[in-house]
Amino acid sequence: METRLCVIFIKCFIGLLMKNDAEVNTRKKTFTEVQTERLDQAERTVLIKCPSKLNEKKLLQYLSSHGNVRSHFFFENRGINALVEFSEKSSIASLQDAVGIPNAAEHHVVPFKSRLFTFTLKNPVSQPAEETPLHLSPQCHIPVTGLIQKLCLADNISSQMYILLNEYQLTEENIRLRFLACSLVRDFARAYFPDSTVKPFGSSVNTFGKLGCDVDMFLDFHDTQKSPTKMKKGPFEMEFQMKRLPSERLATQRILSVIGDCLDNFGPGCVSVQKILNARCPLVKFSHQPTGFQCDLSVSNSIAIRSSELLYIYGCLDSRVRALVFTIRCWARVHGLTNSAPGTWITNFSLTMMVMFFLQKRSPPIIPTLDQLKELAGAKDKHIIGGYDCSFVSDLRKIKPTKNTETLDVLLGEFFEYFGNFDFRRNSINLRKGKEVNKPESSPLYIWNPFEQDLNISKNVNQPQLEKFIAMARESAWILQKEDKTQRIISKEPWGLAALLIPFGKSNSSKMKNRMKGIGSETIRSLLDSLKLNNANSQQKAVGK
């Protein structure tokens, strides 16, 4: 029976791999095209809180009376919820006209008609229970313990890495929910700024987002600012009268302050609103209960958008890129190398940049350098932002596929080997060039910002955290080299990637202490070796005399 289940699992997994490759081959749309389609889809979407006893067919029949329902799915978040996409925006207006205002007997309500609805049954006792249970789309990934069990059923380490990717990556439903959250915030922003949009950036759109990650969104006025000047009529030139402020930063702070207050006071389901206006990048943090997301709202951050698009391109070029990034991130979280709270540890963004750099260094390279992408850029791809050249090609069809055929298990081991022996004392990581360059300053870890070249994106990392990363990388490389899959399966021990996702200190505490100690004393050992060599040379010279 177990053998049969394993065969079925392997067949299903091979199908999954083929599906992943097909997705990569067909994913030729530009970043902007995908964003535009998703935002348009979100504007035709509503979110409905449903009763516990729900007849899916009857719900869809009712909604269809307001227009064609193009797609829908259910998920659990403080009860059962339905995301429903109509074919036309007018269907939402029709539905809104038919929906009543909540009873204000106990609380007075803010009369804002959003696209968030609550449906209840008029006679719940007489309503029959749903014959077929609803399929609920998962909105979070499985715990590591459950993941390890799945990984142990795989055929090889490469398969394990694709399983991890499939379990942790954002689902189609989760992505749609993220764009809807942005669209709902945009409805509020347009009360003040009618031509503005709210767009997601970062992990929600760069293909490297993990189920459960925050939604980074920004209020964009770019379309308003680039609107063509109206034609002159007669002897007059017309322009809007607008509030003038001494700096862009002050304008950003004022805008976010107002939007933050609006969300806090009037936004359905917007709670725990925090205005962090004195940060390097001012933002508003809040929890959006209807979708279940933690959200960060900022104002037009063009360089952050370019970074998102760059990673989108890298993620689309080769299926191994995303699988390796997800694996390294999961490995880092298990071993306490990353943390959701800010601090002195390596961030997910820094880790992702390290993986990209490593893939640029392969022979032949798996992904191109940023300078190579810049060479392929056309006139529409030219972007100078704040004095920084952020130009690179957006059309994926112009980028030649790699000739590198290394398997994921090889790449994983080589990644740990490479950074376990990287000369962090002298060298920095530069994705524009795709090569190590001397560090311009003494930060323990120096990773050049791909666009703002005078910034180190890993400046927060201190020496102990870097040494811990090196120790874990060396230990992981050693485990993979000594891997005996057959013996581990016989003894029912986790093997391959599964073995790397168990904290090393639990079983190898003495080994880890010795390895950590060894890394901290590298400089002393090199000095002692140098002294021994000099002493030996002196003795030889003395004998020669």
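Helix H6 (residues 157-168) packs against helix H11 (residues 319-334) at an angle of about 80°, with 9 Å between their axes. That makes H6 roughly perpendicular to H11, since angles of 65 to 115 degrees count that way. Keep in mind that this is a predicted model. The protein chain has 545 residues, and 46% of them are buried. Its secondary structure comes to 19 helices and 13 strands.

**Where H6 meets H11**
- On the H6 side, the residues in contact are Met161, Tyr162, Leu164, Leu165 and Tyr168.
- On the H11 side, they are Ser319, Arg320, Arg322, Ala323, Leu324, Phe326, Thr327 and Cys330.
- Sorted by class, this contact of H6 with H11 has 9 nonpolar, 2 polar and 2 charged residues.
- As background, residues three or four places apart on an α-helix point the same way, because there are 3.6 residues a turn.

**Helix H7**
- H7 covers residues 172-192, and at 1.5 Å a residue its 21 residues should span 30 Å.
- The end C-alpha atoms of H7 are 31 Å apart, which agrees with that expectation.
- Of the 21 residues in H7, 16 are buried, so the helix is largely enclosed by the rest of the structure.

**The five-stranded sheet**
- This open sheet has 5 strands in the order E5-E6-E9-E8-E7, and the pairing is mixed.
- At the edges are E5 (197-201) and E7 (270-276), each of which pairs on one side only.
- Neighbouring strands here are turned by 25° against each other on average, ignoring direction.
- E6 (residues 215-220) runs parallel to E9, with 5 bridges joining the two; Asp216 stands opposite Asp296 in E9.
- E8 and E9 run antiparallel and are joined by 5 bridges; His288 has Phe293 of E9 as its bridge partner.
- The hairpin of E8 and E9 has 4 residues between the strands, and Gly292 takes a positive phi near 85° there.
- E7 pairs with E8 (residues 283-288) in the antiparallel sense over 5 bridges, and Lys275 has Val284 in E8 as its bridge partner.
- E9 (residues 293-299) is mostly covered, with 6 of its 7 residues buried.

**The four-stranded sheet**
- A second open sheet has 4 strands in the order E2-E3-E1-E4, again with mixed pairing.
- E2 (69-76) and E4 (116-118) stand at its edges with a single partner strand each, so one side of each has no neighbour in the sheet.
- From one strand to the next, the twist averages 25°.
- E2 and E3 (residues 80-86) pair in the antiparallel sense over 7 bridges, and Val69 stands opposite Phe86 in E3.
- In general, strands of a sheet pair through backbone hydrogen bonds, either parallel or antiparallel.

**Arg432, a buried loop residue**
- Arg432 lies in the loop between E12 (427-430) and E13 (435-438).
- Its relative accessible area is 9%, so Arg432 is buried, the cut-off for buried being under 20%.
- Leaving aside neighbours within four places in sequence, Arg432 is in contact with Thr369, Leu370, Asp371, Lys374, Asp389, Pro450, Phe451 and Gln453.

**Contacts across the chain**
- Taking contacts between residues at least 6 apart in sequence, 68% join residues at least 24 apart.

Methods: Residues numbered from 1 in each chain as written. Predicted model: local features only at pLDDT ≥ 70, side-chain atom pairs only at ≥ 80, totals over all residues. Heavy atoms only, no water. Expected span 1.5 Å × (residues − 1). Buried < 20%, exposed > 50% of the residue type's maximum accessible area, 1.4 Å probe, protein only. Pairing = 2+ DSSP bridges. Axes fitted to C-alpha atoms, helices over the stretch in contact; angles between N-to-C directions. Contact = heavy atoms within 4.5 Å. Parallel < 35°, antiparallel > 145°, perpendicular 65-115°, else oblique. Nonpolar A, V, L, I, M, F, W, Y, C, P; charged D, E, K, R; others polar.
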